[in-house]
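Please keep the model in view while working through the numbered points.

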Amino acid sequence: MSDVADIVVVGHGLAGLVAAAEAADAGRSVVLVDQEPEQSLGGQAFWSLGGLFFVDSPEQRRMGIKDSVELAMQDWMGSAQFDRDDDLWPRRWAEAYVNWAAGEKRAWLREMGHRVFPIVGWAERGDGRADGHGNSVPRFHLTWGTGPGVVDPFERRVRLHVESGRIRFAHRHRVDEIIVEGGVSVGVRGKLLEASGIKRGEGSSRVEIGDFELRGSAVIVTSGGIGGNHDLVRRAWPSRLGEPPKTMVAGVPAHVDGRMLTITSETGARIINEDRMWHYVEGIRNWDPIWANHGIRILPGPSSLWLSATGERLPAPNFPGFDTLGTLKHLRSTGYDYSWFVLTKSIINKEFALSGSEQNPDMTGKSIRGVIDRARKGPGPVHAFMEHGEDFVVASSLSELVAGMNRLASVEPVGPSIDEAALRTIIERRDREIANPFTKDAQLTAVYSARHYRGDKISRVAKPHRLLDPEHGPLIAVKLHILSRKSLGGLETDLSGRCLTSAGVPLPGLYAAGEVSGFGGGGMMGYNALEGTFLGGCLFSGRAAGRAAAADI
């Protein structure tokens, strides 16, 4: 099979949809290629919570948050910690993105019907330094409709162009080669895969039924990262984070396999910052999985007691929701692939949210009644995990809790038993600090501080209480796994999304956007992400590449 369009977009996730829609709006014909079936249109973004990073938004101002480009840039650069010669383009992308998040981004999305929840979340609260990692203020704007609510505007735009004939889908087309002729990228070729009736996110077959070739004047690669391929994750794992884990749960489907990174690099496109990555430490096994080894992330408030596998309390600033990679680094030094939360029912009802559109039916379904019920009763999906999840222990006493924890410690990944007397001492010392509204316990200080923010006090942070107070029980323990998620490095690109060679010059006709380009430039987030930036990076880089490719041909 051979076909022709102006632009070939490889990858039908969020960045691919944005790039295709922008190029078609500019009058170009587009073929949108992916190895997965149409059911998976939208890629990983569909499964996301839909959080977006905005700066000085009306929602922030209504919540009493004073944000600015200067503060956001300080936070971004303090988190990114750019320190390499290769960080020239990542830094430029970072500066452009922060300015976009403070400017046109919100209005551009609203014009397409996108809306956000009025309470702004405070993710990645940081490492405790004003000029270090983390968000100084809440910036996590939750999409009304979660991940599907982010995907829908661009899927609608793409489907309108499909109806007019300007965009064509090429599902079940696995790209094996980018065609380069005379130094110019002019298309792709690969294998046709058999039709697949799987449900969204499930693994599809790789049975080949033929060959194909698609030609154009430009190729935009938007194929995602490596998070579904744990062998690649371990191979790229940086020594600064310790030894790679032997066991992980998968935060993304298996088709997030990193194939296109290698295929694109064979054209001469340069990959940088492969060792920069983003994985969570609050993963739990999904009791109702969609893909193999399906993990869900707990998005915790700040109150749960965090323990290593050996039962030691994690040091400051490794508190829930503060410093993802700092905590990952610390936990890798313990020699075990898991850790523990210990908390109460009062904390779990107020502070636990779960990643994923399917784990937030109230927000995904845009149900105001559902949101009210969550506030009154706690989130239903969390209660389902308490009942069915294999990583949860619910107990009426500390002795019963420890017995349950030790049962889970004997299950892969295996670790040491928790000593009840030692855990009781840790909890009692923490609980004595609750007697006063001031404390030397750094975590409780952070909790009191969080409750000064109206959004946290209303919906995210439980009133401080003794963990051993039976009125707040039962006690709960959660075994936490490392959850694979995002690549922060990738194909080096200029601000137009053009792929660059090792000599720093653009490869004619070849563009990249989304996670495959480190969400822009080959790693615009540097070493750390501020959350709400992954989807936003897909939007920003997809838009830039689609517009540039359309203008350049």
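**Notes on helix packing and a mixed sheet**

1. In helix H1, the residues Leu14, Leu17, Val18, Ala20, Ala21, Glu22, Ala24 and Asp25 meet Val150, Val151, Phe154, Glu155, Arg157, Val158 and His161 of helix H7; contact means heavy atoms within 4.5 Å. By class, this contact of H1 with H7 has ten nonpolar, one polar and four charged residues. Here Ala, Val, Leu, Ile, Met, Phe, Trp, Tyr, Cys and Pro count as nonpolar, Asp, Glu, Lys and Arg as charged, and the others, Gly among them, as polar.

2. The model is predicted: local features need pLDDT of at least 70, side-chain atom pairs count only at pLDDT 80 or more, and totals for chains, interfaces and linings use all residues. Residues are numbered from 1 along each chain as its sequence is written, and side-chain values use heavy atoms, with hydrogens and water left out. Helices (H or I, at least four residues) and strands (E, at least two) are DSSP runs, numbered from the N terminus.

3. Two packed helices are described by the angle between their axes and the distance between the axes. The axes of H1 (residues 14–25) and H7 (residues 146–164) come within 9 Å and cross at roughly 40°. H1 is therefore oblique to H7. Axes are lines fitted to C-alpha atoms, for helices over the stretch in contact, and angles run from 0 to 180 degrees between N-to-C directions. Angles under 35 degrees count as roughly parallel, over 145 as roughly antiparallel, 65 to 115 as roughly perpendicular and the rest as oblique.

4. An open sheet is formed by six strands in the order S6-S3-S2-S10-S22-S21, with mixed pairing; two strands pair if DSSP finds at least two bridges between them. Its edge strands, S6 (167–171) and S21 (498–500), each pair on one side only. On average, neighbouring strands of this sheet are turned by 30° against each other, direction ignored.

5. Aspartate 34 has histidine 171 in S6 as its bridge partner. H7 packs on the sheet and touches S3 and S6, its direction making about 105° with that of S6.

6. Isoleucine 220 stands opposite tyrosine 511 in S22. S21 and S22 pair in the antiparallel sense over two bridges, and leucine 500 stands opposite proline 506 in S22. The hairpin of S21 and S22 has five residues between the strands, and glycine 504 in this hairpin takes a positive phi near 85°.

7. Is alanine 545 buried or exposed? Alanine 545 lies in helix H19 (residues 534–552) and counts as buried because its relative accessibility is 0%; buried means under 20% relative accessible area, exposed over 50%, partly exposed in between (1.4 Å probe, protein chains only). Leaving aside neighbours within four places in sequence, alanine 545 is in contact with Ile220, Ser496, Tyr511, Ala512 and Ala513. Strand S22 (residues 506–512) is mostly covered, with five of its seven residues buried.

8. Helix H6 (residues 104–111) packs against H19 at an angle of about 80°, the axes being 12 Å apart. H6 is therefore roughly perpendicular to H19. Glu104, Lys105, Trp108 and Leu109 of H6 make the contact with Gly536, Leu539, Arg543 and Arg547 of H19.
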